[in-house]
Amino acid sequence: MVSTMSVSLQTKSGKVIRAGLDIGVSAKDATVEDLARAIFKAYPAWNVARQRLSNLEGKVLEKGSKLESYSIGDGGIVVFKVHIMDLGPQIGWTTVFLLEYLGPILIHAFIYFNQSLIYGKSEPMSLAQTYTFYCVVAHFVKRELETLFVHKFSNDTMPLKNLPKNCTHVRVKLVLVFCVDIFQYWILGGLMLAYPIYRPGYIGLLRIPESWIYSALGLFIYAECSNFVTHKILSDLRPAGSRARKIPFGYGFNFVSCPNYTYEILGWIAVTLISGSVFSLLFTIVGAGQMYVWAVKKHQRYLKEFGDKYPKNRKIIVPFLLSPFKNARYGLIFELLFDDVKTTQFAMKIGDDHERDEELPDLIGDSPGSEV
């Protein structure tokens, strides 16, 4: 008869929570999920989604991995100490992104269809205003559908206390003298973008000839469809229930590590051309900056994980151009400007990522995303 594995649990400070917790499977077969379920069985208050487990070296135990890969157990009954952290009440990542993307849809629709109520008068919408509205709403509806049917997450939930922070996403950081950072989704992508564009008589400061709008619309459609294709490629790399990562190939991936970000930026350039809005341009620049930071991290993670197997000619986000900053000073400033707490905690989004074993969805809705 094969003996089952047992471990000891302790807090980060070293206080023993439970000695000899029986996992119920052999040390050879025991996985992180087996351990999490054993903890939940012994302590029902610690739901699997609320646990954060690591070994004594501080390495987080990732779902889908065997305990023996962390030198925890090697057959028989093994006693090992594991840190456990109660992450508090959780909310599913799917819910988080659905709420984030819902904001711009509701805000743009409300302002677009209520000119008289908001501005005190109404006029027929121009071609630029109309196409801007449909492009923005189409983009975020696409994001909602991808969240439901395409994206995969390495973590199923996030702490509930982070939800207000992620939805308003207003953060100020001191960089050199003073830098105002990101107004995301509901603020920059919603209110600040919609309010000036849909006002009666709006004429964009960056306006292009009306005949060019159709070309910009074609560019937007191409970028959105291409963005979806790259998300689908990333999503299909990982079978349901698997946490394994593979090297993506095809449609854009042969040139850059993160073509999903490339097409995301291209789509918002198209929206900026159509709307002529300075706020749309700002939204695009801030989003591109943040996605560049995420793309560098993902590219470096690919190189670290796959080594010589990873194609050496791939750039980061722009084909044939734009490698990571070689000047550490500029790289640090760029990261301080655009890096986000979501890129270093909780979940990685696949198909957007997101980005996140340690990465999440990105500023303009390319899910933190898109991770393998």
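**View 1. Packing of α7 against α8 in the predicted model.** Helices α7 and α8 pack at an angle of about 160°, with their axes 8 Å apart (axes are lines fitted to C-alpha atoms over the stretch in contact, and angles run from 0 to 180 degrees between N-to-C directions). This makes α7 roughly antiparallel to α8 (angles over 145 degrees). The crossing of α7 and α8 is left-handed (the near helix is turned anticlockwise from the far one by less than a right angle). Contact residues (heavy atoms within 4.5 Å) include F220, Y222 and H231 of α7 and Y263, E264 and V271 of α8. The contact comprises 15 nonpolar residues, six polar and one charged.

This is a predicted model, in which local features need pLDDT of at least 70 and side-chain atom pairs count only at pLDDT 80 or more, while totals for chains, interfaces and linings use all residues. Residues are numbered from 1 along each chain as its sequence is written, and side-chain values use heavy atoms, without hydrogens and water.

**View 2. Packing of α4 against α8.** The axes of α4 (residues 127-149) and α8 (residues 259-275) come within 8 Å and cross at roughly 160°. Helix α4 is therefore roughly antiparallel to α8. Their crossing is left-handed. Among the residues in contact are Y131, H139 and F140 of α4 and E264, W268 and V271 of α8.

**View 3. The largest nonpolar core.** Within this core of 29 residues, F140, Y198 and W268 touch the most other members (a core is a set of buried Ala, Val, Leu, Ile, Met, Phe, Trp, Tyr and Cys residues joined through side-chain atoms within 4.5 Å; buried means under 20% relative accessible area with a 1.4 Å probe, protein chains only). Two or more residues each come from α2 (93-112), α4, α6 (186-197), α7 (210-237) and α8.

Terms used
Helices (H or I, at least four residues) and strands (E, at least two) are DSSP runs, numbered from the N terminus. Angles under 35 degrees count as roughly parallel, over 145 as roughly antiparallel, 65 to 115 as roughly perpendicular and the rest as oblique. Buried means under 20% relative accessible area, exposed over 50%, partly exposed in between (1.4 Å probe, protein chains only). Ala, Val, Leu, Ile, Met, Phe, Trp, Tyr, Cys and Pro count as nonpolar, Asp, Glu, Lys and Arg as charged, and the others, Gly among them, as polar.
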